[in-house]
Amino acid sequence: GASVEAAAREARYAAFERIADATGVAAVLLGHTARDQAETILYRIVRGTGPAGLAAMATQRDRYVRPLLALDRAEIDAYVARRGLPVWSDPMNADRRFARVRLREEILPALRAENPQIDAALVRLASSAAEWLEVIDQLAAPLVTLPIDCARLARQPAAVRKRVLAGVLGEDLGAVHLEALDDLVTSPTRGTRSVDVPGGRVVRTYDALDRARDLGATSPPDLAGPDANPRPHADPGRPPALPSGLSLRPYQPGDRMRPARLKGRSRKLSDLFTDAKIPRDRRLVASVIVDVATGDILWAEHVGLAAQAPASLAALLAESPGGFH
């Protein structure tokens with residue numbers, strides 16, 4: 001699903017990782033030059049990058065080091081020519097189907113006609129952006145965690161907010177996605193909303209922002225009552241069965257119950273979930289215990305017991321926190 005360029009880059013770095021791990025080298029040196037840096041910045045500007053994208057390629061990141069990043073390509077070509085070093089030219093570097101090649105052959109020459117030092121100017125821009133980014137990243141670092149507390153993050157300056165979002169959700173997020181996520185963080189608290197980003201969906205439920213959960217991987221419900229943490233059952237084997245006449249089933253839209261804490265007043269479960277600020281994905285997989293004869297809900301996950309629930313059910317729930325079948 002990636003572009004040819006992206007797939008080739010992934011293959012190269014995968015090979016670098018294998019070789020570096022096998023040989024135990026301290027660093028992998030990459031051959032990017034000032035021209036590559038200038039092209040990268042220009043490419044990102046054309047694609048609509050934010051300020052962080054202007055920092056372009058780092059001189060060092062983890063084990064990867066770019067010792068030639070400040071050198072002009074012409075200096076390196078002259079060095080190679082003087083010593084008659086063998087050179088292999090990648091045919092992709094001349095393929096005009098790729099945007100980077102078009103920028104190199106059409107746009108940069110036009111810019112050099114206006115400013116012969118445009119490559120150096122773009123490299124200085126990257127260096128300055130990296131300096132600013134270092135400071136902002138230090139401010140953002142304590143907040144880079146999931147789930148994100150939107151109320152807390154919203155109090156930060158916009159630049160810090162967006163670096164937190166990029167740090168948590170991926171540096172490859174474009175300016176448009178970061179803007180949408182920032183709007184989600186700073187908007188008023190209400191219900192559940194989401195934004196689609198590369199690689200998935202980000203969901204805000206009240207003041208918590210997190211990646212969308214895989215509903216198929218949701219853990220079994222905790223039957224010990226509202227706000228209780230799951231605890232392992234004493235018997236690691238099959239959990240105990242519910243008493244005869246009771247049944248455990250998934251929550252269904254339209255379900256109503258009479259919670260004990262509301263003294264038997266009937267309310268929709270969906271409203272009770274909203275009052276309790278239960279995320280939508282957890283509501284969809286919530287469980288209820290019903291009286292088979294009447295259909296009444298006697299207990300609901302995240303809510304607790306109904307007013308008419310028999311004392312035997314309350315006792316059994318307290319004794320069997322690991323669940324039922």
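Which residues of α5 are buried? They are Ile118, Asp119, Leu122, Val123, Ala126, Ala129, Leu133, Ile136 and Ala140. Buried means under 20% relative accessible area, exposed over 50% and partly exposed in between, with a 1.4 Å probe and protein chains only.

This is a predicted model: local features need pLDDT of at least 70, side-chain atom pairs count only at pLDDT 80 or more, and totals for chains, interfaces and linings use all residues. Residues are numbered from 1 along each chain as its sequence is written, and side-chain values use heavy atoms, with hydrogens and water left out.

**Overall**

The protein has 11 helices and 13 strands. Helices (H or I, at least four residues) and strands (E, at least two) are DSSP runs, numbered from the N terminus. Of the 325 residues in the protein, 34% are buried. Contact means heavy atoms within 4.5 Å. Among contacts between residues at least 6 apart in sequence, 54% join residues at least 24 apart.

Helix α5 covers residues 118-140. Its 23 residues should span 33 Å at 1.5 Å a residue. The expected span is 1.5 Å times one less than the number of residues. The end C-alpha atoms are 32 Å apart, which agrees. An α-helix has 3.6 residues a turn, so residues three or four places apart point the same way. The buried residues of α5 pack against α2 (34-47), α4 (99-114) and α7 (158-169).

Two helix pairs are set out below. Axes are lines fitted to C-alpha atoms, for helices over the stretch in contact, and angles run from 0 to 180 degrees between N-to-C directions.

| Pair | Axis distance | Angle |
|---|---|---|
| α4 and α5 | within 9 Å | roughly 100 degrees |
| α2 and α4 | 10 Å | about 100 degrees |

Angles under 35 degrees count as roughly parallel, over 145 as roughly antiparallel, 65 to 115 as roughly perpendicular and the rest as oblique. α4 and α5 are therefore roughly perpendicular to each other. Leu108, Leu111 and Arg112 of α4 make this contact with Ile118, Asp119 and Leu122 of α5. By class, the contact of α4 with α5 has 4 nonpolar, no polar and 2 charged residues. Ala, Val, Leu, Ile, Met, Phe, Trp, Tyr, Cys and Pro count as nonpolar, Asp, Glu, Lys and Arg as charged, and the others, Gly among them, as polar.

α2 and α4 are also roughly perpendicular to each other. On the α2 side, the residues are Arg35, Asp36, Glu39, Thr40, Leu42, Tyr43 and Val46. They meet α4 residues including Leu103, Arg104 and Ile107. The contact of α2 with α4 divides into 8 nonpolar, 1 polar and 6 charged residues.

**Two buried arginines**

Arginine 104 sits in helix α4. It counts as buried, at 15% relative accessibility. Neighbours within four places in sequence aside, arginine 104 is in contact with Arg35, Glu39, Asn93 and Pro109. Its side chain reaches the backbone oxygen of asparagine 93 at 3.0 Å. The C-alpha atoms of arginine 104 and leucine 42 are separated by 9.6 Å, though the two residues are 62 apart along the chain.

Arginine 204 lies in strand β6 (residues 200-205). This arginine is buried, with a relative accessible area of 1%. What does the side chain of arginine 204 reach at 2.6 Å? It reaches the backbone oxygen of leucine 184. The backbone oxygen of valine 185 lies 3.0 Å from a polar atom of the arginine 204 side chain. Leaving aside neighbours within four places in sequence, arginine 204 also contacts residues including Cys150, Thr186, Arg193 and Leu209.

Definitions and conventions:
Polar contact = N/O pair within 3.5 Å; in protein donor to acceptor, adjacent residues only side chain to side chain.
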